[in-house]
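Here is a friendly tour for anyone meeting this structure for the first time. Please keep the sequence and the 3D view at hand as you read.

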Amino acid sequence: LGDVYKRQEKQKQLKPKQKLKKQLHNMAFDRLTESLQTVSDKFQDYGTSTAEYYKLRLFKSSMKGAISLVNLLVFGSFFLFVLLFISIGVALYLGIVMESSFAGFLIVGGFYGLVTLFLLLFGKKMIERSLLLKFSKVLYDEDELSPKKKAKKEAEDYKETVENHQE
């Protein structure tokens, strides 16, 4: 009977210690779960904000491209009209000088044919290069951060968030 009583007393003394250990374990587990949930939320927020950023950047780039295309069409159309009327005037003048209206138009047409031929043979790469440079300047801002600098800034922001959460 004495041994049974001693065992019961010992179990009563162990139970508060075990309860305390269990509570501490649960608190640590809850804190870890909360931290993991916060990290998960931050990653989700990061993914969402990154997707929104690229949507806005795509919209900005496409609008810049569309505006450049409209400007090219408008100013190109005016330039072509001016060139057309100058060409007709030169052809009529040459026709009067040569006393044959057909000869004036043939000379102007031959001049444009030669210009086109030289552009096809020698100017194709030059035109491609100049267009690529122009549109890359239009679509990509010079003042934006490079990908390396963006990654460093994001890493610093993440470290700051983790440090603030741990405190």
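Phe118 and Phe122 both sit in helix α2 (residues 101-139), 4 residues apart, which is about one turn of the helix. Helices here are DSSP runs of H or I with at least four residues, strands are runs of E with at least two, and both are numbered from the N terminus. The two rings have their centres 6.0 Å apart and their planes at 25°, so the pair counts as stacked. The cut-offs behind that word are these: rings of Phe, Tyr and Trp (its six-membered ring) pair if their centres lie within 6.5 Å, with planes under 30 degrees apart called stacked, over 60 edge-to-face, and the rest tilted. Phe122 is exposed, at 62% relative accessibility. Buried means under 20% relative accessible area, exposed over 50%, and partly exposed in between, with a 1.4 Å probe and protein chains only.

Before going further, a word on the source: this is a predicted model, in which local features need pLDDT of at least 70 and side-chain atom pairs count only at pLDDT 80 or more, while totals for chains, interfaces and linings use all residues. Residues are numbered from 1 along each chain as its sequence is written, and side-chain values use heavy atoms, with hydrogens and water left out.

**The chain as a whole**

The chain has 3 helices and 0 strands, and its elements run α-α-α from the N terminus on. Of the 167 residues in the chain, 7% are buried. The chain exposes about 15100 Å², and carbon and sulfur atoms supply 68% of that area. Such areas come from the Shrake-Rupley method with a 1.4 Å probe; for residues, only the protein chains shown count as cover.

How confident is the prediction, and which element has the lowest mean pLDDT? The mean pLDDT of the chain is 81, and 77% of the residues reach 70 or more. This score is the predictor's confidence in each residue, from 0 to 100.

**Tyrosines and a salt bridge in one stretch**

A search of the whole structure finds 3 aromatic pairs. One of them joins Tyr53 and Tyr54 edge-to-face, with 5.1 Å from centre to centre and 70° between the planes. Tyr53 is partly exposed at 32% relative accessibility, and Tyr54 is partly exposed at 49%.

The structure also holds 1 salt bridge. Lys55 forms this bridge with Glu52, and their closest N and O atoms are 3.6 Å apart. The term asks for a side-chain nitrogen of Lys or Arg within 4 Å of a carboxyl oxygen of Asp or Glu. Both residues lie in helix α1, 3 residues apart, about one turn of the helix. Lys55 is exposed, with a relative accessible area of 55%, whereas Glu52 is partly exposed at 41%.

**A nonpolar patch**

Phe81, Leu84, Phe85, Ile88, Leu92 and Phe105 make a nonpolar surface patch of about 590 Å². Patches are built from residues with over 30% relative accessible area and no salt bridge, where like charges are joined within 9 Å and nonpolar side chains (Val, Leu, Ile, Met, Phe, Trp, Tyr) within 5 Å. Helix α1 (residues 2-98) gives the most to the patch, with 5 residues. Leu84 lies in that helix and is partly exposed, with a relative accessible area of 42%.

Most residues other than glycine have a negative phi, and most peptide bonds are trans. Glu99 has a positive phi of about 60° although it is not a glycine. Glu99 is placed in the loop between α1 and α2, and it is exposed, with a relative accessible area of 75%.

Among contacts between residues at least 6 apart in sequence, 62% join residues at least 24 apart; a contact means heavy atoms within 4.5 Å. The table gives two pairs by their C-alpha atoms.

| Pair | Separation along the chain | C-alpha separation |
|---|---|---|
| Ser68 and Phe135 | 67 residues | 8.4 Å |
| Lys42 and Thr161 | 119 residues | 9.1 Å |

Ser68 lies in helix α1 and is buried, at 15% relative accessibility. Lys42 is also in helix α1, and it is partly exposed, with a relative accessible area of 40%.
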